[in-house]
Amino acid sequence: MRSILDTLTMKWDGHALHLLDQRKLPTEVTYIRCQSHEDVSRAIGDMVVRGAPAIGAAAAFGYVLGAMRFAESRSGDVTKAMATVRSTLSASRPTAVNLFWALKRMHLFFESRNTKPQWLSELEREAITIAEEDISTNRRIGELGASLLSDQSNVITHCNAGALATVGYGTALGVIRDAKDQGKAVHVFVDETRPYLQGARLTAWELINDGIDCTLISDNMAGWVMKKKGINAVVVGADRITTNGDAANKIGSYSLAVLAAFHKIPFYVVAPSSTIDLELLSGEEIPIEERSSEEITHISGIRIAPENVSCFNPAFDVIPASLITAIVTEDAVNYPPYHFRSTSGKHH
Ligand code: MRU
């Protein structure tokens, strides 16, 4: 396979998008080949690929696959066809704004080029640019965020905001990677992240592979770990940040922020500016995905709760701005009150 983009999370070979099947980690490293925008939309909905920036980049390639299919068929109205491609991909998951950000960027790009003969190859280039920018953005975030960690740090993280959740390097884990590269001694306590276990399955795997010291805990241990293990910081990613500084992230983040405030531990949210939704004023407006109750009643396909028990399974919660010490983006370490604005013009 000749890869034009080749990272652990995703590979683009000019004809198909190969996504690391994150449902199989840590026991199996296999890739799923997506040949259409429907394939990509399904892969996002089914959590083959997950994590806000990774979802956005995957959707951008999905958009290209939709355009390629149109170009092959050479029939119908291209504007209509691409609107359908965009809405199919938009319907995959509701909370991470990076999905809508990437699709909007691709769609605006398409609208500005579709009369040119080379529009398809330029569209492909734009998706590759989105993916490559994600890595450089994360490196910048890592550099800025690492300054917040002291030379000896015990950090708690939640879910997976690492290389696997992005095109590469990671956001929250990017900060930890950079701190380690600067010679700081960082020990990471990894919340297992019930019910989908992104912490246990993905973050622990990623940190071990990178030689970063870590200890896995179950989510309900976080308060006690804060009290007993000298935690200096909590560092998490985000799926959508509103203009007032509220941040949606994996379910359990809110509880962690409440615990951190009680223990007077700084709580940092780390995300690219593409995660900031300038159209929303507060977290109240963020659509929170609810997923299948099987994620709670079963573990690896084995039932652990009674049949017919009623369940509530929100995939995300909202950390109120008042519980967040700072929000790290590629532009700055932002402290409240926040004055986010579109820095590049192409984000929103
Ligand atoms: O349901 P997921 O696994 O897609 O949720 C991911 C998270 O909540 C991450 O913390 C967030 O997307 C930031 S990833 C850099």
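I counted a polar contact as a pair of N or O atoms within 3.5 Å; within protein, one must be able to donate a hydrogen and the other to accept it, and residues adjacent in sequence count only if both atoms are side-chain atoms. This is a predicted model, where local features need pLDDT of at least 70, side-chain atom pairs count only at pLDDT 80 or more, and totals for chains, interfaces and linings use all residues. Residues are numbered from 1 along each chain as its sequence is written, and side-chain values use heavy atoms, with hydrogens and water left out.

**Ligand contacts**

I began with Gly51. A backbone N or O atom of Gly51 lies 2.9 Å from an oxygen atom of the ligand. I then looked up Arg93, where a side-chain N or O atom is 2.8 Å from a ligand oxygen. For Asp239, I found a polar side-chain atom 2.9 Å from an oxygen atom of the ligand.

How much of the ligand does the protein bury? Taken alone, the ligand exposes 420 Å², and the protein buries 99% of that (Shrake-Rupley method, 1.4 Å probe).

**Shell**

I listed 18 residues around the ligand (a heavy atom within 4 Å). Arg50, Arg93, Asp239, Asn249 and Lys250 are the closest. By class, I noted eight nonpolar, six polar and four charged residues in the shell; Gly is counted as polar.

Helix H2 (52-73) and strand S10 (247-250) are the elements that give two or more residues to this shell. I took both from DSSP runs (helices H or I, at least four residues; strands E, at least two).

Why does the ligand lie between domain 1 (5-138) and domain 2 (148-347)? Both domains give residues to the shell, so the ligand lies between them. The bounds come from an automatic or database domain assignment.

**Backbone**

Most peptide bonds are trans, and most residues other than glycine have a negative phi. I noted these cases.

- The Arg194 to Pro195 bond is cis, with omega near 0°. Pro195 is in the loop between strand S6 (185-191) and helix H7 (198-209).
- Pro336 and Pro337 are joined by a cis bond, omega about -5°.
- Met47 has a positive phi of about 70°. Met47 sits in the loop between helix H1 (37-45) and H2.
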